[in-house]
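Reader: I have a protein chain to look at and would like to go through it step by step. Please show it, and then I will ask about its parts.

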Amino acid sequence: MLRIDRIVGSRLDPQLADRLHDMEHHGAVDVLALQPADVSRRRLRARTRSGVDLAIALPREQALFDGAVLLMEPERAILVRVNVERWLRLSPASMADAI
């Protein structure tokens, strides 16, 4: 189990973005997919898409977000992706039904 105690940065940070881009081409970026409800948690146990078991315990001043870089090593990186919430969409058959 890999323990994560801080967020390294954001995938949008220019310094990290270039390294992540190169690592993605080599298949060295692993993704932790989270539900929107899990983003507010400071402590959780989760598994990445490639099967790496994570124990996350963040300090109070840090919070998970879409694009958070949890691990940046020369040979691998772990990136958080938040799944999109699905909403029920209704389409009225006519304008009268819409009103």
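Author: The secondary structure of the protein chain amounts to two helices and seven strands, where helices (H or I, at least four residues) and strands (E, at least two) are DSSP runs numbered from the N terminus. This is a predicted model, in which local features need pLDDT of at least 70 and side-chain atom pairs count only at pLDDT 80 or more, while totals for chains, interfaces and linings use all residues. Residues are numbered from 1 along each chain as its sequence is written, and side-chain values use heavy atoms, with hydrogens and water left out.

Reader: In what order do the elements run from the N terminus on?

Author: The order is read along the protein chain, starting at the N terminus.

Reader: Why is the protein chain said to be more spread out than a compact globule?

Author: The radius of gyration is taken over C-alpha atoms, and the globule rule is 2.2 Å times the number of residues to the power 0.38. For 99 residues that rule gives 13 Å, and the protein chain is well over this, so it is more spread out than a compact globule; its radius of gyration is 18 Å.

Reader: In which order do the three strands of the open sheet lie?

Author: Two strands pair if DSSP finds at least two bridges between them. S1 and S5 pair in the parallel sense over three bridges, whereas S4 and strand S5 (residues 53-57) pair in the antiparallel sense over five bridges. The pairing in the sheet is mixed, and the order is S1-S5-S4.

Reader: Which are the edge strands?

Author: An edge strand of this sheet pairs on one side only. The edge strands are strand S1 (2-4) and S4.

Reader: Which residue of S5 stands opposite Arg-43, and which is the bridge partner of Arg-3?

Author: S4 and S5 form a hairpin with five residues between them, and Gly-51 in the turn has a positive phi of about 100°. In S5, Arg-43 faces Ala-57, and the bridge partner of Arg-3 is Ala-55.

Reader: Is Leu-79 buried or exposed?

Author: Buried means under 20% relative accessible area, exposed over 50%, and partly exposed in between (1.4 Å probe, protein chains only). Leu-79 lies in strand S7 (residues 77-82). Not counting residues up to four places away in sequence, Leu-79 touches Val-29, Leu-32 and Val-69, among others, where contact means heavy atoms within 4.5 Å. Its relative accessible area is 5%, so Leu-79 is buried.
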